[in-house]
Structure formats: structure tokens, C-alpha cells
Amino acid sequence: MSGAVAERCKFGAYVCYSCVITGFIYPVCVHMGWDGSGKLSPWRSSKLVGGCGVIDFAGSGVVHMTGGVAALAGAALIGPRRNWKQGLPQQSVVYQTLGTLILWVGWYGFNGVSTLAITGYGGLAAHVMMTTTISAATGCLATTFLGYLVDHVIDTAYANNGILAGLVSITAPCPVVSLWGALIIGAVAAPGVRVRAPWTNGQLYPGQVT
């Protein structure tokens, strides 16, 4: 959530919502999904959701959906950043791309290390790395392609956000889906990223290529 409301709220508000989320909201979500007795846990001895429980390997639901919903609520309440209202670029495309690539590399540790051990789990970790790579790459290409079809520009921001959408989407099922399944997941994540902010009025900015 911190990225969604960065430059939108005061530091005091940041401290307040951080304490509420980390102290009261996130622990409940973690217990429901990852604790052996949680409501959504696949390790419960009875009353399993859907008969099998919910697999959330590295936190697409527990981590990303919790933060995403909080971020959406915060951004909706506060509104857009002031310079976005003027149709100006929000940040350096170079830094945005660098940050995205750093996140992508870090995601291999995030997903891969979620096996919690490497001895006896090397094959699983390798499969996790492959599905993570395929989903991220597919999300990037699909989002960029959709953006070009609609806006007739190749937008670096779409490519970067497509990578992130693919990474987030594959996180929970990365150890159990096939490589083709990872490709489909990355492609399905793309349409949600392609929406252009209405206050840009279709103006081009550095990072978009006609």
C-alpha cells in the first residue's frame, strides 16, 4: 500500500495505517491462509473450503490481495497525485524500469525460497522459477501488445506494469501449475493493467513510442 499512497498522504497518516494493517488486518489474513487451523487452510482436519482448502504458496492472496485492496481503498479516498492531474509524467521511466527489473530478480527469491528448504525440493524450486519467469514475461508482452492495439503506442509503463501483474498473478499457484498454465495466467493478468488514467487525456510522455 505504501507505493500506492506515496506522495499522496502525510507521514503521520502513513504511520497510522501501517500500524493498523500490520497490527490488526494482516495477521488475521495470515492466520486464515497459512495457519494449520485457519479458515482457508488446506491443512485443516475438517471443514476444508471447497473440500481441499486454499493453496497460497507465496502469498498472492495473503500478501498481495490484502495489500492491493488496502492500496485501492487508500488511492480512491485520497485521489490522484497532483502532477498526474496535469497530465505530466509521474516519474522517470528509467528509474521505473530499473525498479521493475530489481523487483523481478527479487521475486525469484520470494517465490523460490517459499519452498522453505532446498534439500529434496530443488526440482520444485526450479519449477517455481520457470513458472515465475514465464508469467512475468507473458504479462509484459501481452500488456504492451494490448496497449499498442488500443493507443497505437508502445508504452514502457505498460511493459513494466505487465511484468508486475504477471509476477503477482503467478505467486500463489507457481509450484502447482504447468508452464503452459503460467503463460495463460500471465496473459489473463494483462487486460487489467492496460487501462489508461483518464486525466492524461491521451497525451504522450517520455516512455511512449509512436
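Colleague: What is the relative accessible area of F110?

Modeller: Happy to start there. Buried means under 20% relative accessible area, exposed means over 50%, and partly exposed lies in between (1.4 Å probe, protein chains only). F110 belongs to the partly exposed class, with a relative accessible area of 33%.

Colleague: Which pLDDT do local features need in this model?

Modeller: pLDDT is the predictor's confidence in each residue, from 0 to 100. Residues are numbered from 1 along each chain as its sequence is written, and side-chain values use heavy atoms, with hydrogens and water left out. This is a predicted model, where totals for chains, interfaces and linings use all residues, side-chain atom pairs count only at pLDDT 80 or more, and local features need pLDDT of at least 70.

Colleague: Which element has the lowest mean pLDDT?

Modeller: Elements are DSSP runs numbered from the N terminus: helices (H or I, at least four residues) and strands (E, at least two). The chain has a mean pLDDT of 83, and helix α7 (residues 179-189) has the highest mean among the elements, at 93. The lowest mean, 41, belongs to strand β2 (residues 208-209).

Colleague: What is the angle between the ring planes of W107 and F110?

Modeller: Rings of Phe, Tyr and Trp (its six-membered ring) pair if their centres lie within 6.5 Å; planes under 30 degrees apart count as stacked, over 60 as edge-to-face and the rest as tilted. W107 and F110 sit three residues apart in helix α4, about one turn of the helix. Their pair is edge-to-face, 5.9 Å centre to centre, with an angle between the planes of 75°.

Colleague: What phi does L116 have?

Modeller: Most residues other than glycine have a negative phi. L116 lies in the loop between α4 (93-112) and α5 (122-151), and counts as exposed at 77% relative accessibility. Although L116 is not a glycine, its phi is positive, about 70°.
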